[in-house]
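Work through the exercises below with the structure open beside you, and try each task before you read its solution.

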Amino acid sequence: MSSLWIVVIGVVVIYLAYNYYAKRIDRTVIQSDASRVTPARMYMDGADFMPTSRFVLYGYHFKSIAAAGPIVGVITAANLWGWAPAILWLMIGVSFIGWASDYSAIMMAVRNDGNSLSAIAHRLISPRTRRILFVFIFFYLLLIAGAFVGIMAAILAARPDVPFGILVLALMGLFAGYAIYRMRMSIIGVTVLTVAVTIAAMALGPLGATFAPGQPTNWTTGPISGAVNSLNSTLNSGGAIYTVVDPTNADPRVPAPGADGTRPKTATFDPATGAISVLPNFLFWALLLLVFSYVGANTAIWRFAQPVNYIGFWITAIVIGISAIGALLAPFVTLPGAEASAGTFALGAFKGFETGTGGALQPLWPMLFVTIACGAISGWHALFGSVGTARQLEYETDALPVGGGGMFSENTLGLLSLTAVAVAGGAGAGAFAAGVGRLIHVASFQTIPLAFGTALGFGAFVVIVLTVVQLVFRVMRVTLAEWLGERWVGFKNQHIASVTGMVLSLALVLSGTWVYLWQLFGASNQLLAALSLLLVTVWLRSVGKNPAFAGIPMLFMYVTTMAATAVTAYNLFATIATRSGMATISVIGAWAMIAVAILLLGAAALIAWDAWHAWNRYRAAPTPEPAPAPVG
């Protein structure tokens, strides 16, 4: 197998699914109508409701949903079960479930005055369902934030070349928002300027550093990386804050094994004991990421969050485009010192149905379907699409290219990640960066050095993830305000709500065992997708339309994700919570995540019960006469 076939399979499957299935559902079931007034036009307030060009909204939506899920999840799954199960789920999932979840959640919100999933649940099912859904969504968002911030903080702490690009991204986002919406400057000109400056800043980060084959990178020789490295050294001068042990060795701070099969000793990892040092600079960068997210969560959407995500979209698109060219060329290029072509897969196709170690269970079903937390289907997409994208949709007919098209585009990021780990090996963000670096090296006809391409890969990864995390905290503070704002008025204050969510997320980052935190996030993410499809199914039944395209995937995802949540809770119990010798903070974190898992299972079961009664209620009522499908 080579990288060329991944590109071919992706192009063919996405083309067929979008043109022959998605468009058919849009035309015959949902029946989008350009003449119907959307909530964006009806309630335009310049903050949340804002009619937006489908081209800008597509970029905003795509970058708002594409984060670490289709990268780290795909790479983790490929390492656990092989590349074949990963690509099968990516292709089948996006074709029949993923786009349907994203698109239908947006259209359901548009047809319900731009209301959120919880508000729609209140109307369609019961008031109790709304309250339970608030609990589910808040803790789900907490898991996302913990998983994503932990990954990025580890990268920023280990890669002094990355932070400068993030700082410039923030500045360019502020400039783009002001230039487009206040100065009325050309969107094309602003796009070219801000994207070019941000990419230039990402390239300047590693400039001057010394990359020597087989040796650790010397960051001190670079003007920018040297300054950041000096800051890190100053912060870490007092030593580690505390140490933890990850029995799965999946933590981003654990290095990949070398050629001899042993893991090297690093500033954060001791292979003799398996101890992971939590250094002060890890906490510093985590806090800086939270400051970035705070700005995105609490300013008007056009001032920071939307333009930052728009710039991030172009960076992501450029990385995917160049990497796709590299994937097409790689099978025909053999790099110096290599025996096989640059596009030949070094990863096994299939590693077995059960790949757990150290007492943990990792059965292919159900764990594959939640480890790949995005790229095939994602609850975050439906949640954000209903409260974000749906409120900026200018015409109903924009929903499919924006929502469905955004999901298919995110799938290409998952395919890129699979290609990266398959040709380069490794795990986590490092595998993505190494694979992207190799593909950029090939696409540039080897003019961009491999190490430099890898550095750009790390920068692109953080940009891809960070632009979404700010929106996670934005939705989290709104959810907390709606859920508990009546019990204590302080939670209605956006700053108090934001800080509360950030403090709890940071606690998860500092105490959680990463792979279980990731899989619990994945399970809750896919379970939220099932809940969204459940709401869509009930909504379509209530208006007399055929809900099969949403209802059948919903049943599969419901059963699968409930099982995966139970397996993850067991793994936490068996390998962390009751294992002797574990750090106290890890044990506390494990029990906290077990409690969250039980809470999510109970909430999902109650919502399903309420939805079943609502389904029977609508089935017994007179069925509204559906409008005829438009011809052509």
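**Exercise 1: a hairpin and its strands**

In the hairpin formed by E2 and E3, where four residues separate the strands, Gly274 takes a positive phi near 80°. This is a predicted model, in which local features need pLDDT of at least 70 and side-chain atom pairs count only at pLDDT 80 or more, while totals for chains, interfaces and linings use all residues. Residues are numbered from 1 along each chain as its sequence is written, and side-chain values use heavy atoms, with hydrogens and water left out.

Solution. Begin with the terms: helices (H or I, at least four residues) and strands (E, at least two) are DSSP runs numbered from the N terminus, and two strands pair if DSSP finds at least two bridges between them.

**Exercise 2: aromatic pairs**

Task: Decide how the rings of Trp89 and Phe556 are arranged.

Solution. Rings of Phe, Tyr and Trp (its six-membered ring) pair if their centres lie within 6.5 Å, and planes under 30 degrees apart count as stacked, over 60 as edge-to-face and the rest as tilted.

Step 1. A search of the whole structure finds 30 aromatic pairs. In one of them, the ring centres of Trp89 and Phe556 are 6.3 Å apart and the planes lie at 55°, so this pair is tilted.

Step 2. This pair links distant parts of the chain, with Trp89 in helix H5 (residues 83–110) and Phe556 in helix H20 (residues 548–577), 467 residues apart.

Step 3. Trp89 is buried, because its relative accessible area is 5%, whereas Phe556, at 33% relative accessibility, counts as partly exposed.

Step 4. Phe292 and Phe304 form an edge-to-face pair, with 5.3 Å from centre to centre and 65° between the planes. Phe292 counts as buried because its relative accessibility is 8%, and Phe304 counts as buried at 2%.

**Exercise 3: a residue of helix H17**

Task: Is Arg477 buried or exposed, and which residues is Arg477 in contact with, leaving aside its neighbours within four places in sequence?

Solution. Step 1. Arg477 lies in helix H17, and its relative accessibility is 15%, so Arg477 counts as buried.

Step 1. Contact means heavy atoms within 4.5 Å. Once its neighbours within four places in sequence are left aside, Arg477 is in contact with Ala297, Asn298, Gln494, Ala497 and Ser498.

Methods:
Buried < 20%, exposed > 50% of the residue type's maximum accessible area, 1.4 Å probe, protein only.
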